[in-house]
Amino acid sequence: CAASRQAACGAACIPVPWLCDGEQQCPDGTDEQCECCSVPSVCGAKKVQCPGTHHCIPHWELCDRHQDCEDGWDEEGCPQQPCLPGQWQCRNRVCIMAEWKCNGIDDCGDSSDEDVCAPCPPGMVRCDEGKCILESLMCNDEDDCLDGTDEPGTCGELRVAAGHCLSGQVWPHNCLPAHSCQVCSARVDIPSGDLYWLAFLHLSCPRTHVPCRDGSECVAQEYVCDGEKDCADGSDEEGCGQLCNTPGRRAILQYPYPCGLGTCLNASLVCDSRQDCADGSDEGGNCSVPCQRSCAHLCYPSPQGSRCWCDPGYRLAEDGLSCTDIDECTEQGEGACTQTCLNAPGSYSCGCLPGYLLEPDGRVCKLSGPEPMLLVAVQSDVLSYGLRSGREEVLLATDKDRVIFSLDYDLVERKVFWMDLATESIRWQAFDLGKKGTLVKGVRSDCLAVDWLGRNLYWTDGAAGQVLATRLGAAWRGTPEYTVVMDGDLDQPHSLVLQPLAGLLYWSEVGSHPRLMEATMDGSRRRVLLAQGLGWPTALALDLPAWRIFWLDEKLGSVGSARLDGTSVKVLQLRWVRSPFAAVVCEGQLYWSERKAWSVQQVDKASGKNRTVLVKRHGQPHGLQVPSWGSPEPCCTSSAGAPTLHSPAV
């Protein structure tokens, strides 16, 4: 294991990213023993150890294009950096000296070195490098600023322990209580293969979440008292009993009566001559007075006098007599139906779009026809994964020195397109005939997307701040042939998704002011979809049957979604989201590639629950897509829009 820089796992070896990822790989479970707080004593906080040595380097010296470890470990597997250390890249790709920023002179030529000098929005602070980050990311023992200025020495030093701190013990002066730990990450001592765990402090939950009792994680408010244990310690389901009006609580009582201490009883237990409330508030008083109110549905006696209640699917109106229908489609949203929802008096029903069948649960829609396949780029290979059978197959294998980055699939000609980082080119291969070729060279792309209807391919260039496009039928003839669709005021565009039938494209920007954007496919009619509550939205996915867009936020560790008009925003903080690259929604599930854990994972798109690891290989996964093998219709993202397409003139 030491020779391959992997962790010992019994008689076998496993990659370091598989440690503490929530999936047990070792038979004895040692790869998941990350309760905190054993910390390597060789390196202090905010530093990492060069494997096999006692040399420590700061986090921000990783991937800085300078070999700080003797064997160059700190520069292995790093993305290509356009500028040298000590330089800063302008929006137009020009590199200038870092100290020239904010000197009052347009050294870039496009003013981008002076634009970053404007004050950060409220609730954010500026790194020395120029980027704005959330104030909550300060002193969280993670370098959110590339230069580490968000983790100054005044944050305090992380105390270290020689062994694990066991729950319930008296804490020695050099040990951290488990409830203070937010995240555990693994380090491996290469010569011995021993595992060490690094504990991070400062657990802070967003306003839509609540902390678990042990302080190890946050769960969404709607998870509290919903009948499932979401906290590892189960504290989100403790003390629920029959609580009234608990946020997110499912209605388990048909006719609830509130006791004086906050718990609820079924109305049938009130005034039955037996004390069921702990304080006895369900008996006595006016229990002997018969029901004489003109209730629209039901009437029952209580110590406070006669009360009205409503049948399931209705709620009591303000007058205390009449009942109003509950619109489950609006109030429960995606929790009610995965596609279409029709409200009815006292009830609701789910429906599916053409090409889908309703599951027996009456909520989830599944694709009819062949099994949907998930395409996954893992290092130099493209895999297919059956979303029902779980069968894996290598569809495409390139040279081992190449990395398949972003990918997409052409539904018409059954071709897969991908970004080749090693050659800075966009390449393709046909699955039917095995033909392959190069579409364009000399380009860099963070994400690419195929417009199967307009026959164009789009991609983002975050360093240049551009969205570009070329014809799918183009062939490399020695000079690049493409069109700049959008340029100028884009702040590091990253992920990109298309809605060909509506002629729209959506992209995320991960610069100093992160946001989600929409435009027509010729780059016109741009508008901001969302600009609040974002950290670093690195992966986008469209769910057209539900008319929503999803994003995974690397900085905030969250999954968010909104309607395509920017309304009905929902955010779930999930501890599994660490370094997402690409995402796709299909049949009520959200799939994404997780680079740090070397895996592809899925969760329920509405609740974020039922997490499953689908693919786990020796290599980082990048691009994801779910194509349709039958007809040229978007699999899992069918849309009923007018086929008006504004394509770039390329």
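## Ground rules

The model is predicted, so local features need pLDDT of at least 70 and side-chain atom pairs count only at pLDDT 80 or more, while totals for chains, interfaces and linings use all residues. Numbering starts from 1 along each chain as its sequence is written, and side-chain values use heavy atoms, with hydrogens and water left out.

## Glu283 in its loop

Glu283 sits in the loop between strand E14 (264-266) and strand E15 (298-300); strands here are DSSP runs of at least two residues, numbered from the N terminus. Glu283 is buried but has no salt bridge. Buried means under 20% relative accessible area with a 1.4 Å probe, protein chains only, and a salt bridge needs a side-chain nitrogen of Lys or Arg within 4 Å of a carboxyl oxygen of Asp or Glu. The nearest side chain of opposite charge belongs to Arg274, 7.8 Å away.

What does the side chain of Glu283 have around its polar atoms? The backbone nitrogen of Ser273 lies 3.0 Å from one, and that of Cys271 lies 3.3 Å from one. Glu283 also touches (heavy atoms within 4.5 Å) Leu269, Val270 and Pro303, among others.

## The four-stranded sheet

Further along, there's an open sheet of four strands, ordered E34-E35-E36-E37 with antiparallel pairing. Pairing takes at least two DSSP bridges between two strands. Strand E34 (493-499) and strand E37 (527-530) are the edges, each pairing on one side only. The twist averages 30° from one strand to the next.

Inside the sheet, six bridges join E35 (residues 504-509) to E36 (residues 515-520).

Technical notes. Buried means under 20% relative accessible area, exposed over 50%, partly exposed in between (1.4 Å probe, protein chains only). Lys and Arg count as positive and Asp and Glu as negative; His and the chain ends are not counted. A polar contact is a pair of N or O atoms within 3.5 Å; within protein, one must be able to donate a hydrogen and the other to accept it, and residues adjacent in sequence count only if both atoms are side-chain atoms. Axes are lines fitted to C-alpha atoms, for helices over the stretch in contact, and angles run from 0 to 180 degrees between N-to-C directions. Lists of a residue's contacts leave out its neighbours within four places in sequence.
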